[in-house]
Amino acid sequence: MEITKLSGAVGAEITNLDLTRLDDAGFDNLRSALFSHGMVVIRAQSLTSEAHIALAERFGSIDVNRFFHPLPTHPMIAEVRTKPDMSKVIGGTWHTDHSYDPAPAMCSILAARVLPPFGGDTLFASMSAAYMGLSEGLKNTLRGLRAVHSDSSFAESNVGLDPDRTAFREPAVHPVIIAHPDTGAPCLYVNGDFTLNFEGWSVEESAPLLSYLYAHATRPEYSCRLNWQPGSVAIWDNRLVQHFACADYAGHARLMHRITVEGQTLSAF
C-alpha cells in the first residue's frame, strides 16, 4: 500500500489496497496508518455489506448505534441517509461518535453508496493536534478536568432519526484530555454535540471554556476535507478526530453505510 497525507495534521489516502483481500500484515499496516493519521480513505473499493462487516470485525466487536436506522438486510450496518427534501443532514455539526457512551467507539467505517452530484464532503479535525496547540497553562488546567457527555441532543433531532425513548442512557463522564488507548498520545476529548459541562461545574460555568475549546479544536490547520467518490471507504479513529458532514447539496440524495466498532473506557493523560 502507498500512503499520501491529506493535510499536515490529519487524514491520509491509501492506494494499492483492496479491503476485501487484506492479509494479517496488510491489516496491521492499515491499523497503524489509522492511528498515525486519525482518518484514512481508500478509493475505488467494491465493498459488499458482508465485506464491510468482516472488515469492521477485524478491528473489534461491532457497536450497533441505537439511534440510526439499520440496513434491513444487515442490521449491524447503519444507514446515514439524506433525502432530497432535507435541509439538514445527520452529523452536520462537529462531533465525536459515541462519546456519550461509558466506553466510546473505537473507530467508524463509512462506505459511500449514493452520492450527490456535488458537495457532501466530510471534514475531520485532529484532537491530538488540538491538544498540542494549547498553551501549557491551559493543558495543565484541562488535565485535571473531566466532562459530562450525553446523548440528549438526539431527542430533538430532525435529520431523519426517530429515536425510541428507551434508547437514551445516563450521561457518561470522560477525562477532558485522554491518553489514546493504543499509542498513549494526548488528545482533547470534548465536542459540541455531546459534551454538556465539566464535572463539578455548572453548565453556565462550563460554557465559556467549552466554547473556546470547540472553536480551537476545529481550526483549519488541524483539519482536512474529504471529497467522496463512488467506492470510497473512510475509516476514522473516534479518539483521535472529530468530524463534520457538509450540508451543501440540498435537493439531492446521499446514502452512506456506517459501522462503528466498540471501544473501551478512556483514561486520563
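## Close-up views of a predicted model

Five bridges link E7 to E15, and the two strands run antiparallel. This is a predicted model, in which local features need pLDDT of at least 70 and side-chain atom pairs count only at pLDDT 80 or more, while totals for chains, interfaces and linings use all residues. Residues are numbered from 1 along each chain as its sequence is written, and side-chain values use heavy atoms, with hydrogens and water left out.

**View 1. Strand E7 and its two partners, E15 and E13.** Let us start with the strand named above. Strands (E, at least two residues) and helices (H or I, at least four residues) are DSSP runs, numbered from the N terminus, and two strands pair if DSSP finds at least two bridges between them. On the E15 side, Phe124 faces His243. Strand E13 (residues 223–226) pairs with E7 in the antiparallel sense over four bridges, with Leu123 opposite Arg225. Five of the five residues of E7 are buried, so the strand is largely enclosed by the rest of the structure; buried means under 20% relative accessible area, exposed over 50%, and partly exposed in between (1.4 Å probe, protein chains only). In a regular strand the side chains alternate between the two faces of the sheet. Here Thr122, Phe124 and Ser126 point one way, and Leu123 and Ala125 the other.

**View 2. Asp121, in the loop between strands E6 (107–114) and E7 (122–126).** Leaving aside neighbours within four places in sequence, Asp121 is in contact (heavy atoms within 4.5 Å) with residues including Arg225, Trp228, Phe244 and Cys246.

**View 3. Helix H5 (residues 203–217) and its kink, centred on Leu209.** The 15 residues of H5 reach 20 Å from first C-alpha to last, close to the 21 Å expected at 1.5 Å a residue; the expected span is 1.5 Å times one less than the number of residues. The kink is about 30 degrees, where the bend at a residue is the angle between axes fitted to the seven residues ending there and the seven starting there. Look for the buried residues Ser206, Leu209, Leu210, Leu213, His216 and Ala217. An α-helix has 3.6 residues a turn, so residues three or four places apart point the same way. What covers the buried residues of H5 includes E7, helices H3 (127–132) and H4 (136–142), and strands E11 (186–188), E12 and E15 (241–245).

**View 4. An open sheet of three strands, in the order E9-E8-E12.** The pairing is antiparallel. Strands E9 (172–175) and E12 (195–198) stand at the edges, each with a single partner strand, so one side of each is left without a neighbour in the sheet. Strand E8 (residues 146–149) is joined to E12 by three bridges, and Ala147 has Phe198 as its bridge partner in E12.

**View 5. Strand E2 (residues 12–15), with a covered and an uncovered face.** Ala12 and Ile14 form the covered face, Glu13 and Thr15 the uncovered one. Strand E1 (residues 2–5) pairs with E2 in the antiparallel sense over four bridges, and Glu2 is partnered by Thr15. Six residues lie between the strands of this hairpin, where Gly11 takes a positive phi near 90 degrees. Strand E3 (residues 39–42) pairs with E2 in the parallel sense over three bridges, with Glu13 opposite Val41.
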